[in-house]
Amino acid sequence: MTETLEITPQLVGIILCGALAIIGGIGLITLRKAVHAALSLAFVMVNLAVIYALFDAALLAAAQVIVYTGAILMLFLFVIMLVGVDRTESHREPIRGLKPTAIVAGIGLCALIILGVGSALTATPVGLESANATWGGNVESLAVLIFQSYVFPFEYISALMIIAPVGAMVLAHGARLRPKRTQADRAAERIAAYAKSGAHPGPLPNAAVTALHDSIATPALLPDGSISAASVAEAMVERDAVVNTQWVAARTAERFAELNGEVEPAVVTPEPLELIDTDEERGALK
Amino acid sequence: MNPTLLAVVTLAAVLFCIGLVGVLIRRNALIIFMCVELMLNAANLLFVAFAWAHGGLDGQVAAFFVMVVAAAEVVVGLSIIVAVYRARRTTSVDVPDALRL
Amino acid sequence: MEIGTLTFDATGLYQYSWLLIAIPALSALLLLTFGPLFDRKAHWLGVFASCASCGYALALFYAMLRTGAAERAVDVPVAEWISAGSWTVSFGLQIDQLSILFALLITTVGSIIHIYSVGYMADDPRRRRFFAYLNLFIAAMLLLVLADSYLTLFVGWEGVGLASYLLIGFWQHKPSAAAAAKKAFVMNRIGDLGLTMAMFSMFAWCGSVSFADVFAKVDGIDPGWVTAIGFFLLLAACGKSAQVPLQAWLLDAMEGPTPVSALIHAATMVTAGVYLIVRSNAIYALAPVASVAVVIVALVTIFVGAWIGCSKDDIKKVLAGSTMSQIGYMMLAAGLGALIGPVAYAFAIFHLLTHGCFKANMFLGAGSVMHATDGDVDMRHFGALRKALPVTFLTFACGYLAIIGIPPLAGYFSKDHIVEAAFEYHLGVGLAALIGAGLTAFYMTRLLVMTFFGKARWVEGVHPHESPKIMTIPLILLALASIGAGVALNAWIIDWMAPISAVAGETHAVSWMPTPIGIATLATVALGVLAAIWLFGRCEVPSTPPQTKNPLVIVGRRDVFGDVINDTLVVKPVMALSTAADVVDQSGLDRMWNGLGKGTLALSQLTRKVQTGRVRSYALVTVLGALLVGVLLLIGQLG
């Protein structure tokens, strides 16, 4: 067989994009992190879209990018985020001898396909110019085909598209593992805790309402003037952001005394809030 | 033998087998699923290529249908993975070995 | 039909005669299923069912009395039973002179015993179940005697076997009772084998097992086969009626409650064999060899039964031996039916009826004695009970006088006829029957003397007392029957049984006055009585059986080696065979199959490793398989 090897732009494009796609595919199966694998699959998809375009399949090229890369792979990424983006596989293969056997089987199957399919390649390609031109273009011709010859498969597939999301919803809808706790249950629990350990059954006290400094960082004062530890979130205490309400109350009393004329009004110099930030002070909150 | 077709068949076979090997050697269900998608794409590639070779658009229609079915399959498959993850806190296919006695 | 000025239509009465069977059967079912709902009153349902059946039988009998002799036998088709192509077996009842007599005996004696049992079983927590089984027995026994074919008869035959099994083993917590029930069941199976083989033979020759067809076609059967059928039926009769060689179960059957012994193992079920032979008279008429065999079996049984009766100390076993012996007389008459003339069949039935009355009477009396002595059955612990139990003693004495044949009580007439018939056939047979009568007198007198006379040898703490009225009234009723049945039936029964017992155009007169043979019999009886009084009445009876070297006594105490013979001839060989089979099974077959199992297991251990439960290795194997298939296809294409 002395056929001359004709180098067409199509062939060049295919070889180029094909090589890139293979690199992406290898990335898909070797990269540890699922996000990386997904991105390399996206890379394969885009390359394949280019090859589709080279084969005069404009609609499919667009669909490949929009549906596969844009929708399906994004769905993958969502799920990766959902089930733990930071999970990587360990290197240790638990099944002995699986990896080499799988690779050998893969190469063997690859050779088999190339041999099997390749031996069937005898005719000269026809090209799609005439087929695409029948109804004015690739999209129009495909539309005619889909809505005339293949209208029933198309309808079946639309039914499938309805059923699949319903199935997905059913599957993803988590079953409740334990019965829902109602308000009555919670009330009963609180009373039980009160009976057992003396825990306060009512709501926690509010933060303090003061004239000068009204925020959740300001703990309430108890009737005896001490600070109520329960009125401020623990996180605030940890961050040393809790305002010393006793100090605030003292400042407020000074202002009231000035307003009532008991004391000469003084020029108030703004001073920083006194916070509860020493270990000793924190002890008062415990 | 047309070099373009030979190249594309080789490409499809290689991609298909990469996907296959990935299915076999990876343990993360999500990646396995992506590998299956790669195998589907390899098949699609052949559909498109042979549509071009035969001068008819039926191959493209088939590829189109494969794409749509793959989309539906992904929706269901991913929700299965999520459900398994919820129940077992893992996406590894080696851990849910309930098949084993 | 018109008799005098009275018109009487009995069609309806006949048509619903299946009710006779259905009522007790339904009652048994109710008692067994819904009984717990009315546990405390349940026994009255059983009594009612039996009495209702009895009333129906009486009405039917009355209807037959008013009917012309030719129209008395009626076949009542009930349902089609088995249908296979052109061949059908119908389920029907035959109401005739023979079966109505049986039905009357079963239902009247049955009802009396039901009433007696209300008192006898009063303290038993499972009384309801007992009455259910009794009702089941009544139903099955009525089915047996009313059947119009051997197949239907066989259903009843098995039914009474079942009821007998259940009732012998009623106190199943006693191992001896359980074993006795099993023994009775197994030995009865041998008899059943005879009946089924007889049925097979009849079916092969006549294409039917209904009485009408078989008796009509019996002439056409090969004479050898008729004899064979006769022997098969004899085997069946031996099993059910405890005749030698299948007699051993009856003595053990006394483990059952005494009313059961009275009803089933004295009055009714054990006489089913006699019924079978009398019913099959058309076959025996053509099989003289089989008839002779019946006579021989009967004679042997008369002596074996009497022998056991003479040597046992257990009151119920003495009565059981006596039952065997008396059924021997019936069988003798039934066998003679074909040899000297069918009138002997009537004698057999006559003796069967009177025996049913006086033996039930004596068994219930024995039950009353047991009731009085806390369930003791050893006669050596009795003595002088006539003062303590006056009613029991008097009624028992009636039965006693009846069985030994003192005129004009029942046994005198019925047994005398049989002895005469025996002499008519052969002098030796006659003499044997005569001596049997003497032996009967001997052992019954021994029983009477040891139980009711002499000095009290009661076990310490036993205070004999008369039984309640519910038990004594049945005793009195049966005692009256023991006295009067002979006189009432003597002449009448021959006419009544005419279709079976009369040769056309011939009448057989029975005597009312003692014939020379009758006088000889009486003399023998008197001799037996005197001998027993001389042996047991004069001196003190020891409380424990004395050691003896007398072989007769030793053999008798061991049931004439009934069990020993069974053991050596059947049980031990079967045991040895089973042991051998077991050894072969264990060492040969088991090892082979176990080895096979172990091999499979080892193989599985190897292959189970393939089942890793890991999806990916399965997937790999799938891929390898696909690869293999692809390569093979490719190679195939190349080739």
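## Close-up views of a predicted three-chain model

**View 1. B:Asn2 caps the N-terminal end of helix 1 of chain B.** A side-chain oxygen of B:Asn2 lies 2.8 Å from the backbone nitrogen of B:Thr4. The model is predicted: local features need pLDDT of at least 70, side-chain atom pairs count only at pLDDT 80 or more, and totals for chains, interfaces and linings use all residues. Residues are numbered from 1 along each chain as its sequence is written, chains are lettered from A in the order in which they are written, and side-chain values use heavy atoms, with hydrogens and water left out. Helix 1 covers residues 3-25 (helices are DSSP runs of H or I, at least four residues, and strands are runs of E, at least two, numbered from the N terminus). Its 23 residues reach 32 Å from first C-alpha to last, close to the 33 Å expected (1.5 Å times one less than the number of residues). Of these 23 residues, 18 are buried (under 20% relative accessible area; exposed is over 50% and partly exposed in between, with a 1.4 Å probe and protein chains only).

**View 2. Helix 5 of chain C is largely enclosed by the rest of the structure.** Buried residues make up 18 of its 20.

**View 3. Chain C meets chain A through ten residues of chain C and twelve of chain A.** Contact means heavy atoms within 4.5 Å. The two chains bury about 930 Å² between them, 84% of it on carbon and sulfur atoms (accessible area, 1.4 Å probe, lost on being put together and summed over both). C:Arg616, C:Leu620 and C:Leu627 lose the most area on the chain C side, together 50% of what that side buries. The count of salt bridges between the two chains is zero (a side-chain nitrogen of Lys or Arg within 4 Å of a carboxyl oxygen of Asp or Glu).

**View 4. C:Arg279 and C:Asp96 form a salt bridge with N and O 2.8 Å apart.** C:Arg279 belongs to helix 12 and C:Asp96 to the loop between strand 4 and helix 4, 183 residues apart. C:Arg279 is buried at 5% relative accessibility, and C:Asp96 is buried at 6%.

**View 5. A:Glu189 and A:Arg181 meet in a salt bridge at 2.5 Å, N to O.** A:Glu189 is partly exposed at 40% relative accessible area, and A:Arg181 is partly exposed at 43%.

Key: Polar contact = N/O pair within 3.5 Å; in protein donor to acceptor, adjacent residues only side chain to side chain.
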